[in-house]
Structure formats: C-alpha cells, structure tokens
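I opened the model and kept notes as I went. The entries below follow the order in which I looked things up.

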Amino acid sequence: RLPSNLAVTWRAEDRAMASTLRDISKGGAFILSDKPPSIGTRVDVQLRDRDDTPVRITSVVSWVREDGARGFGVQFRPTDRETAARLHAVV
C-alpha cells in the first residue's frame, strides 16, 4: 500500500460521503470515516485519475478501524478491464 491523501466519494447502502484515502494499492484502500459501514458491505468508491476523470470502483468493506484514524478498508472489485486499468494507473 502506498500512502495517499486522495479525495474520494463513496456510497454504501443509503448514504453518500466525501472523504480521503489514507492509503491505496491495486487491491484496495483505507478510507477515513467517522461512521464506517459494516464489514461485508458493498461500497461504490469514486476517485479521480491523473486526468481528473472520475473512476468508479465497486468495493467491499474488509475491515473497520474504530480507534485512532477511524475508517475502513476496502477490497476493490473492478467490474471490467477498463476500470481495472484506470485504477492501476492511479496507483
């Protein structure tokens, strides 16, 4: 994982939030949040690539941190090759 300070929006269940990625890899990321979704929740993450174009990635919450830097870890599950390639270019 690489340290990050990328702006991100995410949507889970009935809420949409703006936040920050604290770290990112080709397989997932840690997203800061005072009210993280539960483990196993599907989360649609949107970040911007180097051209400032939105990249939307389907993800699943794999762990939650309740102390210190509160937030949650997601595992990326790109739905197509183009999205995976764009994600890898961001990382």
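This is a predicted model: local features need pLDDT of at least 70, side-chain atom pairs count only at pLDDT 80 or more; totals for chains, interfaces and linings use all residues.

I then placed Arg56 in the fold. The residue sits in strand β5. Leaving out residues up to four places away in sequence, Arg56 touches Val45, Gln46 and Thr83. I also checked Arg56 against Arg86. The two are 30 residues apart in sequence. Their C-alpha atoms are 9.6 Å apart in space.

Next entry: the overall layout. I counted 1 helix and 6 strands in the chain. Read from the N terminus, the order is β-β-β-β-β-β-α. The radius of gyration is 12 Å, close to the 12 Å from the globule rule for 91 residues, so the chain is as compact as a globular protein of that length. I noted the extent of the C-alpha trace too: about 35 × 25 × 20 Å along the principal axes.

I looked at contacts along the chain. Of those with a separation of 6 or more, 45% join residues 24 or more positions apart.

Then the surface. I have the accessible surface at about 5,400 Å². Carbon and sulfur atoms hold 46% of that area. Of the 91 residues, 41% count as buried.

Next entry: the core. The largest nonpolar core has 18 residues. Which of them touch the most other members? I found Ile31 and Leu47. I then listed the elements that give two or more residues to this core: β1 (2–12), β2 (15–24), β3 (28–32), β4 (42–48), β5 (54–65), β6 (71–76) and α1 (81–90).

I followed Leu47 further. Not counting residues up to four places away in sequence, Leu47 touches Ala7, Val8, Leu21, Ile24, Thr53, Pro54, Val55, Ile57 and Val90.

I turned to the loops. Ser25 lies between β2 and β3. What does Ser25 contact beyond its neighbours within four places in sequence? I noted Arg1, Phe76 and Val91.

Glu13 was the next loop residue on my list. I found Glu13 in the loop between β1 and β2. Its phi is near 55°, a positive value in a residue other than glycine. At 62% relative accessibility, I logged Glu13 as exposed.

Asp52 is not a glycine, yet its phi is positive, at about 65°.

Last entry: the helix. I picked His88, which lies in helix α1. His88 has 38% relative accessibility and counts as partly exposed. I compared His88 with Asn5, 83 residues away along the chain. Their C-alpha atoms are separated by 17 Å.

Technical notes: Residues are numbered from 1 along each chain as its sequence is written. Side-chain values use heavy atoms; hydrogens and water are left out. Helices (H or I, at least four residues) and strands (E, at least two) are DSSP runs, numbered from the N terminus. The radius of gyration is taken over C-alpha atoms; the globule rule is 2.2 Å times the number of residues to the power 0.38. Buried means under 20% relative accessible area, exposed over 50%, partly exposed in between (1.4 Å probe, protein chains only). Contact means heavy atoms within 4.5 Å. Accessible areas come from the Shrake-Rupley method with a 1.4 Å probe; for residues, only the protein chains shown count as cover. A nonpolar core is a set of buried Ala, Val, Leu, Ile, Met, Phe, Trp, Tyr and Cys residues joined through side-chain atoms within 4.5 Å.
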